[in-house]
Amino acid sequence: MAKARSGRRGSSTPRRVLGVLCVVVATALGAGALAGCSSTGGKRAEDRAKQLAANGSAVNTPHWTFAMVTHSGAGDTFWDIVQSGAKQAAAKDNIKFLYSNSDQGDQQAQLVQAAIDQHVDGLIVTLAKPDAMKDAVARAEKAGIPVITINSGSEDSKKFGALTHIGQDETVAGNAVGEELDKRHKQHALCILHEQGNVGHEQRCAGAKATFSGRMDSLYVNGTNMPDVQSAIQAKLQSDKSIDSVVTLGAPFAATAAKARQQAGSSAEIDTFDLNAQVATELKDGTIGFAVDQQPYLQGYEAIDLLWLYRYNGDTLGGGKPVLTGPQIVTKDDADALLSYTKRGTR
């Protein structure tokens, strides 16, 4: 496990930190609270409030740089939401946030090395393909860079030496899907895996199969080619009319599955892991039956926040166990509230 290091550009003193906290509280309570806030006096607190308002940061710790390197492919809206959370936490915590991604394990490892070469102060990675990432994470820790894993790889996070893992347990999430399918009296489900080699995807389908009392088949598709995804699902639905549920493993694939259902003349329910604005809309209109929300905004936000807390105060969360952000089953009943959140990019 990497040790907390002092900032390259100085460090905060307790008095300065108390001043910042005072201003944050006073800002929440109203300007009148500034006058009686700490022994530094209202004028100094008011000056600090103006400073915070100008630079958008709620702390005066060093301007650290944190990098996030994920296994996302191009155009995956899920990761836009993760970044939204990370960017908002970074602005609050006085952090420079860098993001890069590749759905190829070797290229993701190279991006981690690039972050190490930039001497970042903290690193956030996904472990969808842990074998490709193991050495890269080890090099980061050898360089004294604290690492947090998010989203995928909870089983490998601790043994790779990460501070903690933030995300949902994919097997537990899959279990929740199997149980929900049973509640809906489904008999034959099709689980769509859009990225071969992604251990989290395998765990989702296996977890659902473990708790589902009906039959569950797996269908592997090329997630980088949506027309091919649609054709593969359509062909399967046309050849097997007993399929009454299609479970996709990412929000962008749910709409494609719905198109395939229509073209196949199938009545199968479309259900999905993950959430975006389109899924929320389709939950409301009944195009999608239910979705499994793992709260990606929270994954990005908490990863930045926990790295900041570790660098500043040596804090960790989880006690050696993953910090879970899901699963949460959401349905048509939740759609109206979800739509307001998805429109602003936080769900």
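What volume does the largest cavity have? The largest cavity comes to about 40 Å³.

## What you are looking at

This is a predicted model, in which local features need pLDDT of at least 70 and side-chain atom pairs count only at pLDDT 80 or more, while totals for chains, interfaces and linings use all residues. Residues are numbered from 1 along each chain as its sequence is written, and side-chain values use heavy atoms, with hydrogens and water left out.

The chain has 13 helices and 12 strands (DSSP runs numbered from the N terminus: helices are H or I with at least four residues, strands are E with at least two). Of its 347 residues, 54% count as buried, where buried means under 20% relative accessible area, exposed over 50% and partly exposed in between, with a 1.4 Å probe and protein chains only. Among contacts between residues at least 6 apart in sequence, 74% join residues at least 24 apart; a contact means heavy atoms within 4.5 Å.

## The cavity

The structure holds 1 cavity of 30 Å³ or more. On a 1 Å grid over the protein atoms alone, a cavity is a set of points where a 1.4 Å probe fits but cannot get out, a pocket is an open set with protein on both sides within 12 Å along at least five of seven lines, and lining residues have an atom within 4 Å of a point. Grid points are joined across faces, edges and corners, and a volume is the space filled by probe spheres set on the points.

Lining the largest cavity are Ile148, Leu163, Thr164, Leu306, Tyr310, Asp315, Thr316 and Leu317. By class, that lining has 5 nonpolar, 2 polar and 1 charged residues (Ala, Val, Leu, Ile, Met, Phe, Trp, Tyr, Cys and Pro count as nonpolar, Asp, Glu, Lys and Arg as charged, and the others, Gly among them, as polar).

## The largest pocket

The largest pocket has a volume of about 600 Å³. Of the 34 residues that line the largest pocket, Gly73, Asp76, His194, Glu195 and Phe253 are the closest to its centre. Helix H3 (77–92), H8 and helix H10 (251–264) are the elements that give two or more residues to the lining. The lining of the largest pocket divides into 9 nonpolar, 18 polar and 7 charged residues.

## Helix H8

Helix H8 covers residues 199–211, and its end C-alpha atoms are 19 Å apart, which agrees with the 18 Å that its 13 residues should span at 1.5 Å a residue (the expected span is 1.5 Å times one less than the number of residues). Asn198 caps the N-terminal end of H8, with a side-chain oxygen 2.9 Å from the backbone nitrogen of Gly200.

Which residues of H8 are buried? They are Gly200, His201, Gln203, Arg204, Cys205, Gly207 and Ala208. Their cover includes helix H6 (154–157), helix H7 (170–183), strand S6 (188–193), strand S7 (215–220) and strand S9 (269–273).

Asn151 is found in the loop between strand S4 (147–150) and H6, and counts as buried because its relative accessibility is 6%. Not counting residues up to four places away in sequence, Asn151 touches several residues, among them His71, Trp79, His165 and Gln294.

Gly161 has its place in the loop between H6 and strand S5 (165–167); its relative accessibility is 15%, so Gly161 counts as buried. Asp305, in helix H12 (residues 296–313), is buried at 14% relative accessibility.

Definitions and conventions:
Polar contact = N/O pair within 3.5 Å; in protein donor to acceptor, adjacent residues only side chain to side chain.
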